[in-house]
Amino acid sequence: MVRPLKKSAIQLSLSLCLGATSLSSLAANTDYRNFETIEKQLQSLAQKHPERIKLQSVGKSAGGRALYFVQVAGAGNVNADKRPALFVGANIAGFHNAGSEAAMHLIETLANSNEKKVEDLLSKRTFYVAPVLNPDAHNGLFATPRQLRAGNDGKLDRDLDGLVAEDGADDLDGNGIITQMRIKDPSGDMIVDPKDPRRMIKADISKGERGTHRVFIEGKDDDKDGMYNEDGIGGVHPDRNFPAGFPVADTSAGAWPGVTPEAKATMDAVLSHKNIAMAVVFGPANQLLSAPTGFDRITPPGATPAAEVNKLEADDLKVLANLGEAYKKSLDQAGLDSKRSAKQTGKGSLANWLYFHYGVQTIELDVWGAPVAKANAPEANSVPAAAPGSTSTANGSGNAARPSGSGANPAAKQSDAENDLISYLTSNSPESIIAWKKVKLPDGTEVEVGGIDPYAEYAPAAKVLEPALKVHTEQILSWGEKLAQLEILETKAIAKGDDVWQITVIGGMQGEFPTHSKLATRMRNKLPVRLEMRPGKGVTALTLNRAATTERLEPSSTIKGEWLVKGASGSTVNIGLWTDQAGQALTTITLGKAH
């Protein structure tokens, strides 16, 4: 169970008082909330804070669980759906339960805080938060046996034999955790790491190494087809099922983009909110520690090469770099490691769709990761397998960690990330490293089972997670404050004689982010900034074009409109400046009155 929320003072850029959730041990599965608990708490928050929280179910998962979008906004002069907004989507990966905790921490902070700065922020900004976008896989953390899971509850025939889930993972050693299995085989491509016997690595042929083992997800050959765990429980992975970089040859990604109810409902919900100006995805990658590289285009045989944009614009990368500096400082101040390795976002992911197709500045954040190993880190005698999602993780049941293409920080080898995790667990969570144990399969094959608790990489204990939750809530609130907000800077009405007036208006913006991502201006999938003059009663426009437009405004840029109108002194002209994701500014000019 989750203990009640408690208030704790922390120095934030917004001077917030953040409510943190107290968590206990991962081994007992009580660090994190299952979907049912989160659902009840969201309903309770909506009932307790109706002035701020609006709870909406935008669809159901393949397993029939509700997909919740939470709107958080306060009373203000502008409707919540017309204000600049920030979208946060969590755990569409399925196994990233820490992301759901971070999303819930954000919701609880915004709902419960009585800080004036929070009230001011919520009067002019809107937050849309989806804390569990893959609820079927989310509960994999609480299953027995526990197995890292990314697929929903749909049915998927991975080995195309006409049967579904007939050869999944098996808890061979009976410890309640599905880890890994290694089999001695001179034709295999894996070896025991000579520098660290606690893990398996891929044999380096260039160094004269020859494989000694094959490595699989723990389990037996249930359907007796000579393969292990090739058709396990669960269906398509929703975080591979989005159109941007959709991996057409990957059965786990689905037959076509949006085939999963989770991905389809998420896209529909986001597209229905045109005021979203920025997006954050809590998932296994971290784009502020490792700059995103986009994705490679995939063209099926005989098809026309894809024309979609697949690399980030330089201006948008600069925004991420600037945000990264403050983010890293916040991590360091909280005692977290800002120099650790970080993964890349996978193909067909929500984060890539939000940036490349929906068209807003997007950041995927992993909330927590194992710090860089110290040179004198202690070692264990037991030999764990490589970290989930690494090159030595077998693709057995289809429920292994991250989609392919989610490699580590290009500045650090994947093996370094594995070493960091093993070193961290040895010092802080040794029970997460399961010693190898010999087991005999039903057909007489002798194997060894062991490795790392599959959730250890993504679900740290409470004392480690709590400061990370606070840092990420702090950062998101500060980004919400910095969103672009349009404003009218100057208006003039100069008499030209015979009731003719020259109207001049200059518009600009508050905030530190541009109104549009650079990619959005290239794709032209967002309405531009529009400055428009509308004559009042008795006023005639003499200028044919009543509006000035620009693709985007940056913090230092402006937009100018000039018009000639004819009208008696005391007549009025209405001025509007707006774009979907940066709000609007309206004013009225009275002819003959000083401005």
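Let me begin with a definition: helix axes here are lines fitted to C-alpha atoms over the stretch in contact, and angles between N-to-C directions run from 0 to 180 degrees. Helices (H or I, at least four residues) and strands (E, at least two) are DSSP runs, numbered from the N terminus.

The structure is a predicted model, in which local features need pLDDT of at least 70 and side-chain atom pairs count only at pLDDT 80 or more, while totals for chains, interfaces and linings use all residues. Residues are numbered from 1 along each chain as its sequence is written, and side-chain values use heavy atoms, with hydrogens and water left out.

I turn to the chain as a whole. The protein chain has 10 helices and 22 strands. Of its 595 residues, 57% count as buried, where buried means under 20% relative accessible area, exposed means over 50%, and partly exposed lies in between (1.4 Å probe, protein chains only). The chain exposes about 24500 Å², of which carbon and sulfur atoms supply 50%; accessible areas come from the Shrake-Rupley method with a 1.4 Å probe, and for residues only the protein chains shown count as cover. Among contacts with a separation of 6 or more, residues 24 or more positions apart account for 75%, contact meaning heavy atoms within 4.5 Å.

Now to the helix pairs. At what angle do helix 6 and helix 9 pack? Helix 6 (residues 314–333) and helix 9 (residues 462–482) pack at about 150°, and their axes are 10 Å apart. The two helices are therefore roughly antiparallel to each other. On this scale, angles under 35 degrees count as roughly parallel, over 145 as roughly antiparallel, 65 to 115 as roughly perpendicular, and the rest as oblique. The crossing of helix 6 and helix 9 is right-handed; a crossing is right-handed if the near helix is turned clockwise from the far one by less than a right angle, and left-handed if anticlockwise. Helix 6 contributes Leu323, Ala326, Tyr327, Ser330 and Leu331 to the contact, and helix 9 contributes Val471, His472, Glu474, Gln475 and Trp479. By class, this contact has 6 nonpolar, 3 polar and 1 charged residues. Here Ala, Val, Leu, Ile, Met, Phe, Trp, Tyr, Cys and Pro count as nonpolar, Asp, Glu, Lys and Arg as charged, and the others, Gly among them, as polar.

Tyr327, in helix 6, counts as buried because its relative accessibility is 0%. Which residues does Tyr327 touch, not counting those up to four places away in sequence? They are Asn286, Leu288, Leu289, Leu365, His472 and Gln475. Tyr327 and Leu289 are 38 residues apart in sequence, and their C-alpha atoms are 8.9 Å apart in space.

The second pair is helix 5 (residues 261–271) with helix 7 (residues 350–358), which pack at an angle of about 40° with their axes 12 Å apart. They are therefore oblique to each other, and their crossing is right-handed. The contact is formed by Thr266, Met267, Val270 and Leu271 of helix 5 with Leu350, Trp353, Leu354 and Tyr358 of helix 7. Its residues divide into 7 nonpolar, 1 polar and no charged. As a general point, an α-helix has 3.6 residues a turn, so residues three or four places apart point the same way.

What else do these two helices pack against? The buried residues of helix 5 are Glu262, Ala263, Ala265, Thr266, Met267, Ala269 and Val270. Their partners are strand 3 (53–60), strand 4 (66–72), strand 5 (85–90), helix 4, strand 11 (276–282) and helix 7. Helix 7 is mostly covered, with 8 of its 9 residues buried. The buried residues of helix 7 pack against strand 5, helix 5, strand 11, helix 6, strand 12 (361–365) and helix 10. Just after helix 7, Gly359 takes a positive phi of about 95°.

I close with backbone geometry. Asp499 has a positive phi of about 60° although it is not a glycine; this residue is found in the loop between strand 15 (485–497) and strand 16 (500–510). Asp499 counts as partly exposed, because its relative accessibility is 40%. Arg524 also has a positive phi of about 60° without being a glycine, and lies in the loop between helix 10 (518–523) and strand 17 (529–535). At 65% relative accessibility, Arg524 counts as exposed. Finally, a cis peptide bond joins Thr144 and Pro145, with omega about -5°. Pro145 lies in the loop between helix 4 (135–138) and strand 7 (180–184).
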